[in-house]
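Have the sequence and the 3D view at hand.

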Amino acid sequence: MKTTVRGRMTARFLWIVLAALIFLLSSLWYVRWDITQDKRFSLGDMSHQLLASVAEPLRITYYVSPELEELYPHARDVKDFLRLYSLANSQVQVQVRDPVKEGLENSLLQQGVFPHQIQATKGNSTQLVTVYSAVVLEYLNQLAVIPFAQTAEGLEYEMATRLMLLVEAGGSFASSPSVTQAWPVIVMSGNGLSIDEDYGDVVPWLEAAGFAPTVLTPEDFVLVAEQLDYGNRGTIPVLLFGSSQLTAQQVEVIRSFVEDGGKLFVMTSAHTAALYDDWTVVPTEDRLLPVLASWGLEVGPELVLDISCFQATFLSEEDNPVYQQVNYPLWIQALPQYTVEHPVSRRAFNVEFYWSSPITLTSMEAQALVYTTPSAWLSSPDFSKESVFVTNPFMLPQTASQTGQLASQYALSAITTLPGGGQVLVVGSQYFLSTLMRQYTGSLGNLDFVVKGLLQLCGKDSLLELKNKAALTKTLYKLSQQELVESRPTVLLLNLVFLPLLPSVLALLLWLIKRTLTKKLGEAGNE
């Protein structure tokens, strides 16, 4: 059987139309290869497990201003990541909305979503632009909100915390959508400083990380601890800032709480500093320190100094003073290579310790988390002098050899587990989360370290793993030079070989199908 010219022309036209349709429809398919070794741009096992537990429709809405995407191209990563969620479970519905264009500002305010101002440079001028970039999850009439998600960095952890809370609260329905409750944590100050003022950004940061902080005074905690049964003691950790002003009764309640299975994260030291004055440091009597020592975490009376430290700007003490940059060894910057391979301290970046005490481990259960460099040294109190410790930046030695000491390495943070199941995590700096100190140095790593520590104490191992993964995650638009070099062979193979050959392979496949069909039609016609 022979085909006519008109038939061949019609067949070619149909094949061209079919090929065009294939290429048009391919734009609707979402395909992305994650070529990173640690799969940082893919959903982890924890996310897949959470999504597998979603049995009812999960609605995810990304409220984003078009101006944000114009100013920061890496904001598009948020859309890409949310699309991964929708592909992992058919129950997940993702939509992107412009709050201003659709007039949703008031309703978003009721859900706890506020606009943010970012700097934008246009020409020679810099101006502030108000934008939205929030993710709202709704599941079984419960809401969970990520107030601001500018990039995908750390987004998997934040999504997992919200989704876990939604799934856990899935059995309780409300007459109107309500925000889910997070994991409780008790926050209190034991050194006389104010949670609202001196540690002002701790509570908002914990809330953003999925916790529900309750601020108590040590006096209130004495009453609350008596009401906590043994089951709750292991699930509600206590975050304690300093301990120098705790009474004997309050210390005894904390001791009983921990030894009965409670979890304690304490930032303390054997001395206090005049934060808002001349930084004079004086030793203090602290009733909690002997208790910590009995648990295998001995907080020493010395100050730790290290060559890895913050470089501060001070006004010199000359007749004509000028601003000088001086290394301040009393503000130690922890280096990642001296952090222990532990879930809390793994990938601990930008962590700083202010006027720290050394921690000596005296128990087999105790484990150090963060060390100084091997070039650190100690400053012991000298009670024969008016200033017991030298803290003047222009008088401080810069190396151990200048003091006549041998350099050594000291633990700045440690964790231990008690026989009754209680856990204690200690940081040898009571100003570790001081708002004043962190604003001065610009460090955010301390807050992240505390969140990871609380996740450890709460037993949220899977979330802690995601938190550590978030430390590696970068936007697709901000890969390091090393990563670009390492990924270049794979990228070139995909773009120069695989993708160009794909149309040819499809064409060959279509030609083979056409040939087979033509042959069969010919055989049928001959019969």
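A nonpolar core is a set of buried Ala, Val, Leu, Ile, Met, Phe, Trp, Tyr and Cys residues joined through side-chain atoms within 4.5 Å. Buried means under 20% relative accessible area, exposed means over 50%, and partly exposed lies in between (1.4 Å probe, protein chains only). The model is predicted: local features need pLDDT of at least 70, side-chain atom pairs count only at pLDDT 80 or more, and totals for chains, interfaces and linings use all residues. Residues are numbered from 1 along each chain as its sequence is written, and side-chain values use heavy atoms, with hydrogens and water left out.

**Cores**

The largest nonpolar core holds 100 residues. Leu-239, Trp-355 and Phe-449 have the most contacts inside it.

**Aromatic pairs**

Rings of Phe, Tyr and Trp (its six-membered ring) pair if their centres lie within 6.5 Å; planes under 30 degrees apart count as stacked, over 60 as edge-to-face and the rest as tilted. The structure holds 17 such pairs. One of them joins Phe-353 and Phe-432. This pair is tilted, with 5.1 Å between the centres and 40° between the planes. It links distant parts of the chain, 79 residues apart. Phe-353 sits in strand 18 (residues 352–354), and Phe-432 in the loop between strand 23 (423–427) and helix 12 (435–441). Helices (H or I, at least four residues) and strands (E, at least two) are DSSP runs, numbered from the N terminus.

Trp-355 and Tyr-431 form an edge-to-face pair, 6.0 Å centre to centre with 85° between the planes. This pair also links distant parts of the chain, 76 residues apart. Trp-355 is in the loop between strand 18 and strand 19 (359–361). Tyr-431 is in the loop between strand 23 and helix 12.

Are the residues of these two pairs buried or exposed? The table gives their relative accessibility.

| Residue | Relative accessibility | Class |
|---|---|---|
| Phe-353 | 0% | buried |
| Phe-432 | 0% | buried |
| Trp-355 | 0% | buried |
| Tyr-431 | 3% | buried |

Trp-355 and Tyr-431 also belong to one aromatic cluster, with Trp-279, Phe-310, Tyr-328, Trp-331, Tyr-354 and Tyr-440.

**Backbone**

Most residues other than glycine have a negative phi. Trp-355 has a positive phi, near 50°. Asn-141 has a positive phi too, near 65°. Asn-141 lies in the loop between strand 5 (133–139) and strand 6 (142–146). Asn-141 is partly exposed, at 24% relative accessibility.

**Cysteines**

How many disulfides does the structure hold? It holds 0, where a disulfide is a pair of cysteine sulfur atoms within 2.5 Å. Cys-309 is buried, with a relative accessible area of 10%. Cys-458 is buried as well, at 18%.

**Surface**

Leu-508, Trp-511 and Leu-512 form a nonpolar patch on the surface. Together they have about 300 Å² of accessible area. Such areas come from the Shrake-Rupley method with a 1.4 Å probe; for residues, only the protein chains shown count as cover. Like charges are joined within 9 Å, nonpolar side chains (Val, Leu, Ile, Met, Phe, Trp, Tyr) within 5 Å. Trp-511 lies in helix 15 (residues 481–526) and is partly exposed, at 45%.

Conventions. Patch = residues over 30% accessible without salt bridge, like charges linked within 9 Å, V, L, I, M, F, W, Y side chains within 5 Å. Salt bridge = Lys/Arg side-chain N within 4 Å of Asp/Glu carboxyl O.
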